[in-house]
Amino acid sequence: MKQKEIFVDPSLSFETKKMAETYFAIKTVSTIEGFIYSEEEFLNMYKNTYSFNEFRNAKIYAVYEVNDCKTCQNSFQIIVRNRQELYKFLQSGDLLCNSCNIYQSNIANTLGLNFS
């Protein structure tokens with residue numbers, strides 16, 4: 001998985017835009033991506049600012065590209081609104097594109113199975 005872009009609502013203040021870019025900022029070490037700042041470091045930098053309140057309600061997200069779907073082997077993109085969502089996705093194990101995910105869900109519903 002690789003971060004492709006960060007979307008920040010253009011109507012936000014400059015400080016909030018910078019904060020969003022800091023929140024999703026990554027570094028790559030030996031082809032492994034990781035966030036530059038931990039949640040705690042990020043909160044300590046911005047928690048008592050006006051921009052932090054705007055940030056909490058802002059429309060921001062990062063777009064990640066997954067190299068291959070577990071079923072069809074095609075690459076696909078996901079939208080991540082916060083780090084918890086990213087961690088949940090990474091720990092899910094089965095990385096399926098939308099088409100394969102819908103197909104698998106339809107088969108499961110038809111057969112009365114629950115894969116979640």
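**Helix packing, core and selected residues**

Good morning. Let us begin with S38, which is partly exposed at a relative accessible area of 35%. In these terms, buried means under 20% relative accessible area, exposed means over 50%, and partly exposed lies in between, with a 1.4 Å probe and protein chains only. This is a predicted model, in which local features need pLDDT of at least 70 and side-chain atom pairs count only at pLDDT 80 or more, while totals for chains, interfaces and linings use all residues. Residues are numbered from 1 along each chain as its sequence is written, and side-chain values use heavy atoms, with hydrogens and water left out.

S38 sits in the loop between β3 (32–35) and α2. Helices (H or I, at least four residues) and strands (E, at least two) are DSSP runs numbered from the N terminus. Between S38 and D9 there are 23 Å in space, C-alpha to C-alpha, and the two are 29 residues apart in sequence.

I turn now to the helix pair. Two packed helices are described by the angle between their axes and the distance between the axes. Here, helix α1 (residues 14–23) packs with helix α2 (residues 39–46) at an angle of about 165°, and their axes are 11 Å apart. The axes are lines fitted to C-alpha atoms, for helices over the stretch in contact, and angles run from 0 to 180 degrees between N-to-C directions. The pair α1 and α2 is therefore roughly antiparallel; angles under 35 degrees count as roughly parallel, over 145 as roughly antiparallel, 65 to 115 as roughly perpendicular, and the rest as oblique.

Which residues of α1 meet α2? From α1 come M19, T22 and Y23, and they meet E39, F42, M45 and Y46 in α2. Contact means heavy atoms within 4.5 Å. By class, this contact of α1 with α2 has five nonpolar residues, one polar and one charged. Ala, Val, Leu, Ile, Met, Phe, Trp, Tyr, Cys and Pro count as nonpolar, Asp, Glu, Lys and Arg as charged, and the others, Gly among them, as polar.

Next, the core. In soluble globular proteins, nonpolar side chains tend to be buried together. A nonpolar core is a set of buried Ala, Val, Leu, Ile, Met, Phe, Trp, Tyr and Cys residues joined through side-chain atoms within 4.5 Å. The largest such core in this model has 24 residues, and those with the most contacts inside it are F42, F55, I60 and Y64. Two or more residues each are given to this core by α1, α2, α3 (50–56), β4 (60–66) and β5 (76–80). Its largest share, four residues, comes from β4. Not counting residues up to four places away in sequence, I60 touches F7, V8, L12, A20, F24, F55 and R81.

Consider next E54, in helix α3. Its C-alpha atom is separated by 8.5 Å from that of S13, 41 residues apart along the chain. With residues up to four places away left out, E54 touches L12, S13 and T16.

Is A25 buried or exposed? A25 is buried, with a relative accessible area of 18%, and is found in the loop between α1 and β2 (26–29). Beyond four places in sequence, A25 touches G34, F35 and I36. I26, in strand β2, is partly exposed at 25%. Neighbours within four places aside, I26 is in contact with Q3, E33, G34, F35, I36 and Y64.

Finally, Q73. Most residues other than glycine have a negative phi. Q73, however, has a positive phi of about 70° although it is not a glycine. Q73 lies in the loop between β4 and β5 and counts as partly exposed at 47% relative accessibility. Thank you.
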